Amino acid sequence: MNGRRTFTRRRVGQAALAGATLLGAPLPLRHALAQAPANLKVGLLLPTSGLQAQIGQACRRGADVANEVFADMKMPVKLDIVNYDTETKPDVARTQAEKAIDGGCQMLVGAFDSGQTIAIAQVAEQRGIPFVVNIAAAPQITEQGYKFVVRNFPTAPMLITGALALHKEIFKISGKTPKTAVLMSINDTFGTAMVNGIKALFPKQDMPYEIVDYITYDPAAKDLSVEVGKAKASKAEMLMPVCRLNDAKLLIQEMVKQRWEPMAVMNPGAPGLYEQDFLKTMGKYSDFLISNVPWLDPKSAMTQSLEKRHLAKFPGDQLDLNGGFTFEALLIAAQAWLAAKSTKADALMDALRKIKIDQHVMVGGPIQFDAKGQNVNIKAAAVENFKRKPTVVVPQSAAAAELVFPMPGWGDKRRT
C-alpha cells in the first residue's frame, strides 16, 4: 500500500448517504447545534507570586472549584478559566490583561489588589472587554464612568461605614467601650483610600471613641518597631489596623515584643488578620483579633457546596472571603453568560447590568449592580479569631460563637 486513500464507488456512495442523512436531520436539532454558544473563556488575574502571593493563591482556590459547585447547584454552565499571574505589580497586571484578551478571553476577573485592579480596568475599558472585580475597595474603580467594569466588593467607604457600625454593636454587646484609638495603615492605593475614607466618614458616625493618631507605612516594610512604638506611646485603648498579610504578622509580633496590650485590635474593614498564613504563623497571638469584613454566609446552600468542594480539593487550606468573593465573581460571569446566550462583549455587559442573583455565598442581599457598576447589597460581619479559625460573632443572628471583648493580654490567659 502506498498510503493513498482509494475512493471506490461503494465508498463514495456511503459518503453521499451520510451527507443526505445529515441534511435530513430534524430542524430543531440543527437549530440547537447552530445556536449553542461556546464555553465562556474567562481570564482570571491574581497575584499568585510576589508580596501578595498567598492571598492571590487563596483567591484562586475559590475559582478552582467553581465549575464543580455550579454542577452541584444544577447550573447548566462550565467556564473555561485561564489563570494569569499579576506578580503583585500593577504594570504586570496591565500586560497580563492584554495577554488574556489577545488569548481569546471574553471576560476578565480579578485582581484582589486595588492598584492592580485599576490597571486591568483601564485595559478592559480600552479593549471593550467585560471585567468583574472580585476584591478591590478603592472608590475610583467604579467612579471613573467605566462601561465595562462591575464590582462585587464593597468600596472603601462601604467597608468603613459597615465596620464602624459593627464597632458600636460590639461595644453594646460587651458593655465595654474604648475612649481612644490609633489607626495604623499601609500607604498603598487601598490603604490611602481607607485612611482618606475614615478621615471623611468618622466625624459623621457619632463614634464613642477618638482617633488620636494616624500612622502610615510601606506595605513592604520589614520592621514596624518604630510605628508600633509610636502607637503604644499614644496610650490608645484600641488599635485599628489597615494591613495586609505580611505586615499584619510584623505588627502583632512587634506588639507582643513591646508588650503593648490595648483593649482591642479591631480593623475598620481590611485583610490581614484572618488570613490562613497569619493564623498559622502567629498561633495563639492571632486569637481574639477582630476583622469587620464581608464574610461567607454559612446558611447558604451554595456556601455549603463551596465549603465541601474546597475541603475535598484543598484539605489543608482555609476558605475565607478571598476564595468566596473570587468564586462569586465567576458565578456572576456564568450567570451573565447564561442570560446573554452569547460570548459577545456587548451582550455580556447588558446581561451584567441587568443581573440579579439571589442565591450566592457572601452575606448580603441579591447581587446586582447600580448605574456605576457597584453592588451595594453587601453586608459586613465581625469575625473574631478563635483557636486559629475566623468565626462570625456579630451580628448575633449569624454568630457561630460568643464575642470575647476586650481581648486578653499576650500572657498566659491566651488559648494555646
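Strand β6 (residues 180-186) and strand β8 pair in the parallel sense over five bridges, two strands being taken as paired if DSSP finds at least two bridges between them. Within this pairing, the bridge partner of Leu183 is Met240 in β8. The structure is a predicted model, in which local features need pLDDT of at least 70 and side-chain atom pairs count only at pLDDT 80 or more, while totals for chains, interfaces and linings use all residues. Residues are numbered from 1 along each chain as its sequence is written, and side-chain values use heavy atoms, with hydrogens and water left out. Helices (H or I, at least four residues) and strands (E, at least two) are DSSP runs, numbered from the N terminus.

Strand β8 is also joined to strand β9 (residues 264-265) by two bridges, and these two strands run parallel. Here Leu239 stands opposite Val265 in β9. The chain passes from β8 to β9 through helix α10 (residues 245-257), and this β-α-β crossover is right-handed; the term applies if, with the strands pointing away from the viewer, the path from the first strand over the helix to the second runs clockwise. Five of the five residues of β8 (residues 238-242) are buried, so the strand is largely enclosed by the rest of the structure. Buried means under 20% relative accessible area, exposed over 50%, and partly exposed in between (1.4 Å probe, protein chains only). In a regular strand the side chains alternate between the two faces of the sheet. Both faces of β8 are covered, with Met238, Met240 and Val242 buried on one side and Leu239 and Pro241 buried on the other.

Five strands form an open sheet with parallel pairing, in the order β2-β1-β3-β4-β5. Strands β2 (80-85) and β5 (149-151) stand at the edges, each with a single partner strand, so one side of each is left without a neighbour in the sheet. From one strand to the next, the twist averages 20 degrees. Angles run from 0 to 180 degrees between N-to-C directions, and axes are lines fitted to C-alpha atoms, for helices over the stretch in contact. Strand β3 (residues 107-110) is joined to the parallel strand β4 (residues 131-133) by three bridges, and Leu108 stands opposite Phe131 in β4. Helix α6 (residues 114-127) packs on the sheet, where it touches β1 (41-46), β3, β4 and β5; the direction of α6 makes about 160 degrees with that of β4. Contact means heavy atoms within 4.5 Å.

Most residues other than glycine have a negative phi, and most peptide bonds are trans. Another cis peptide bond, with omega of about 5 degrees, joins Val394 and Pro395; Pro395 is found in the segment after β12 (389-394). Glu87, a residue other than glycine, has a positive phi near 60 degrees. Glu87 is found in the loop between β2 and α5 (90-102) and counts as partly exposed, at 33% relative accessibility. Phe288, likewise not a glycine, has a positive phi of about 75 degrees. The loop between α11 (276-282) and β10 (290-293) holds Phe288, which is buried with a relative accessible area of 5%.

Asn67 is placed in helix α4 (residues 66-72). At 19% relative accessibility, Asn67 counts as buried. Not counting residues up to four places away in sequence, Asn67 touches Val77, Lys78, Leu79 and Ile81.

For the chain as a whole, the secondary structure comes to 14 helices and twelve strands. Buried residues make up 54% of the 416 residues. Among contacts with a separation of 6 or more, 72% are between residues 24 or more positions apart. The accessible surface comes to about 18400 Å², of which 52% belongs to carbon and sulfur atoms; accessible areas come from the Shrake-Rupley method with a 1.4 Å probe, and for residues only the protein chains shown count as cover. The mean pLDDT of the chain is 90, and 90% of its residues reach 70 or more, pLDDT being the predictor's confidence in each residue, from 0 to 100. Over residues 1-36 the pLDDT is below 50, and this stretch has six contacts in the model beyond near neighbours in sequence. Where pLDDT is low, the predicted coordinates should not be read in detail.
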